[in-house]
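Please keep the sequence and the model in view while reading the numbered points.

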Amino acid sequence: MNIAIVGATGNVGRKMLEVLEQKKLPIDQLYLVASPRSAGKKIKFNGKDCEVNNLETYDFSKAKITFFAAGGKIAEQYAEKASKCSTVIDLSSFFRMDKDVPLIVPQVNPFAIKNLKKNIIANPNCSTIQLVIVLKPLHDLFNIKRVVLSTYQSVSGGGKAPMDELIEQTKLSLNKKKIEPKNFTKQIAFNAIPHIDIFADDGYTKEELKMTNETKKILDNSIELTATCVRIPVLVSHSESVNIEFEKPFTLEKIRSSLNNADGCEVYDKRKDGGYITPLEAEGKKETYISRIREDKTKKNTLNLWIVSDNLLRGAALNAAEIAELLIKKNNG
Ligand SMILES: NC(=O)c1ccc[n+]([C@@H]2O[C@H](COP(=O)([O-])OP(=O)(O)OC[C@H]3O[C@@H](n4cnc5c(N)ncnc54)[C@H](OP(=O)(O)O)[C@@H]3O)[C@@H](O)[C@H]2O)c1
């Protein structure tokens with residue numbers, strides 16, 4: 001089987017290469033595609049050099065599955081054309097709320113793959129993926145009514161350029177030099193910015209609305225969710241402080257055991273110094289970690305959690321590769 005990655009030179013594209021190597025999918029030929037700036041560059045896959053193709057001249061019929069990891073504008077411009085001859089798995093937000101495009105987290109709603117009307121599958125937002133992986137086993141047991149959350153998101157969520165800028169700003173700041181933000185609205189080094197993606201009229205940002213709408217589409221439309229999304233000066237991994245109100249009463253023992261048994265989740269909650277997972281520790285790991293599990297004593301049937309996961313791996317490349325595995329399974333049988 002032939003596979004293509006559009007955006008292969010970016011953060012997520014390179015992570016896709018790593019994941020595909022590890023998964024040992026039956027790939028005959030891998031096509032790497034990016035902008036004309038990268039055309040002709042060589043990137044290693046399974047020890048061999050692979051040349052990067054120019055998207056403007058690339059022939060989409062070469063691959064059976066095409067991952068799009070090059071942003072919403074490129075998805076808007078090229079994905080429908082590609083879907084005529086290749087199944088598209090798009091990692092941007094462009095198709096996520098399209099009713100004819102399934103939005104899939106394989107641990108949560110694998111059945112949605114049946115609804116493949118446009119030959120396009122959408123990969124959810126990185127903050128949503130790690131959230132719904134944790135909410136799903138809890139919803140099955142205790143019925144979630146409402147979720148209130150704040151995110152602490154790494155700069156890699158915005159791409160490679162913001163990562164480079166955080167490092168550059170940190171050096172400038174330590175040397176007491178002037179900082180002029182490029183990929184952020186304010187200085188990110190030694191700071192926190194309560195603003196990710198564009199503002200909507202009601203004061204929410206698009207990132208916050210994505211979390212609400214995508215959770216409803218993937219898990220359950222009846223769940224109420226309100227989010228505040230914050231960018232922090234961390235390179236990789238997103239963290240979330242989450243308050244969940246259930247319809248049914250729960251015990252902390254049952255919460256812990258159900259999360260520990262859930263695919264993709266791992267509880268690490270020692271209730272002592274260092275007994276929790278931080279973004280640095282989650283980097284490069286497939287698991288979504290749950291720490292600081294506590295009852296919210298101010299409200300009936302309500303729980304507090306701390307959730308951390310690698311946004312480039314679990315929140316993007318790994319989820320997309322697992323969608324491809326679902327697709328291959330569906331096509332084979
Ligand atoms: N980062 C995350 O945590 C995360 C999580 C989930 C989903 N996503 C989504 O994944 C996508 C990629 O994100 P990223 O973090 O990997 O961004 P990135 O590091 O900035 O990489 C962007 C990629 O898109 C390519 N590209 C840009 N303009 C292009 C053009 N005109 N024609 C062809 N290719 C072009 C770039 O190629 P060149 O190198 O040639 O410029 C590069 O390969 C976005 O849609 C993002 O929303 C990201």
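**Note on the predicted model**

1. Serine 291 is buried, having a relative accessible area of 1%. The structure under discussion is a predicted model. Serine 291 belongs to strand β12. Leaving aside neighbours within four places in sequence, serine 291 is in contact with Tyr268, Asp269, Tyr276, Ile277, Leu305 and Trp306.

2. The overall dimensions may be considered next. A compact globule of 333 residues would have a radius of gyration near 20 Å, and the protein agrees with this because its own value is 20 Å. Taken along the principal axes, the C-alpha atoms fill a box of roughly 60 × 60 × 40 Å. The protein contains 8 helices and 13 strands.

3. Burial and surface also deserve attention. Of the 333 residues, 53% count as buried. The protein exposes about 15,600 Å², of which carbon and sulfur atoms supply 49%. Among contacts with a separation of 6 or more, 65% are accounted for by residues 24 or more positions apart.

4. In what order do the strands of the open sheet of 6 strands stand? The order is β9-β8-β10-β13-β12-β11, and the pairing is mixed. The edge strands are β9 (224-231) and β11 (265-267), each of which pairs on one side only. From one strand to the next, the twist averages 20°. Helix α3 (residues 126-142) packs on this sheet and touches β8 (144-153), β9, β10 (238-246), β11, β12 and β13 (302-309). The direction of α3 makes about 25° with that of β10.

5. The pairing of individual strands can be followed in the model. Strands of a sheet pair through backbone hydrogen bonds, in either a parallel or an antiparallel manner. β11 and β12 (residues 288-295) pair in the parallel sense over 3 bridges. Cysteine 265 stands opposite threonine 288 in β12. By contrast, β8 and β10 pair in the antiparallel sense over 8 bridges, and valine 147 has isoleucine 244 in β10 as its bridge partner. β10 and β13 likewise pair in the antiparallel sense over 8 bridges, and glutamate 245 stands opposite threonine 302 in β13.

6. Is strand β10 largely enclosed or open? Of its 9 residues, 8 are buried, so β10 is largely enclosed by the rest of the structure. The reader may recall that β10 pairs with β8 and with β13, and that helix α3 touches β10.

7. Aromatic rings provide a further view of the packing. A search of the whole structure finds 9 aromatic pairs. In one of them, the ring centres of phenylalanine 142 and phenylalanine 246 lie 5.6 Å apart with their planes at 70°, so the pair is edge-to-face; planes over 60 degrees apart are classed in this way. Phenylalanine 142 lies in helix α3 and phenylalanine 246 in strand β10, so the pair ties together parts that are 104 residues apart in sequence. Phenylalanine 142 counts as buried at 7% relative accessibility, and phenylalanine 246 counts as buried at 1%. Elsewhere in the list of rings, Tyr31, Tyr58, Phe60, Phe68 and Tyr78 are linked by ring pairs into a cluster.

8. Lysine 286 lies in the loop between α7 (279-282) and β12. With a relative accessibility of 43%, lysine 286 counts as partly exposed, because that class falls between the limits of 20% and 50%. Not counting residues up to four places away in sequence, lysine 286 touches Gln22, Gly264, Leu313, Arg314 and Leu318. Lysine 286 and glutamate 21 are 265 residues apart in sequence, and their C-alpha atoms are 15 Å apart in space.

9. Leucine 116 is placed in the loop between β6 (87-90) and β7 (120-122). Is leucine 116 buried or partly exposed? At 21% relative accessibility, leucine 116 counts as partly exposed, because buried means under 20%. Apart from neighbours within four places in sequence, leucine 116 is in contact with Thr87, Pro102, Ile121, Leu327 and Lys330. Leucine 116 and aspartate 100 are 16 residues apart in sequence and 7.0 Å apart in space, C-alpha to C-alpha.

Key:
Residues numbered from 1 in each chain as written. Predicted model: local features only at pLDDT ≥ 70, side-chain atom pairs only at ≥ 80, totals over all residues. Heavy atoms only, no water. Pairing = 2+ DSSP bridges. Helix = DSSP H or I, 4+ residues; strand = E, 2+ residues; numbered from the N terminus. Axes fitted to C-alpha atoms, helices over the stretch in contact; angles between N-to-C directions. Contact = heavy atoms within 4.5 Å. Rg over C-alpha atoms; globule rule 2.2 N^0.38 Å. Buried < 20%, exposed > 50% of the residue type's maximum accessible area, 1.4 Å probe, protein only. Areas by Shrake-Rupley, 256 points an atom, 1.4 Å probe, with all protein chains shown as cover. Phe/Tyr/Trp six-rings, centres within 6.5 Å; stacked < 30°, edge-to-face > 60°.
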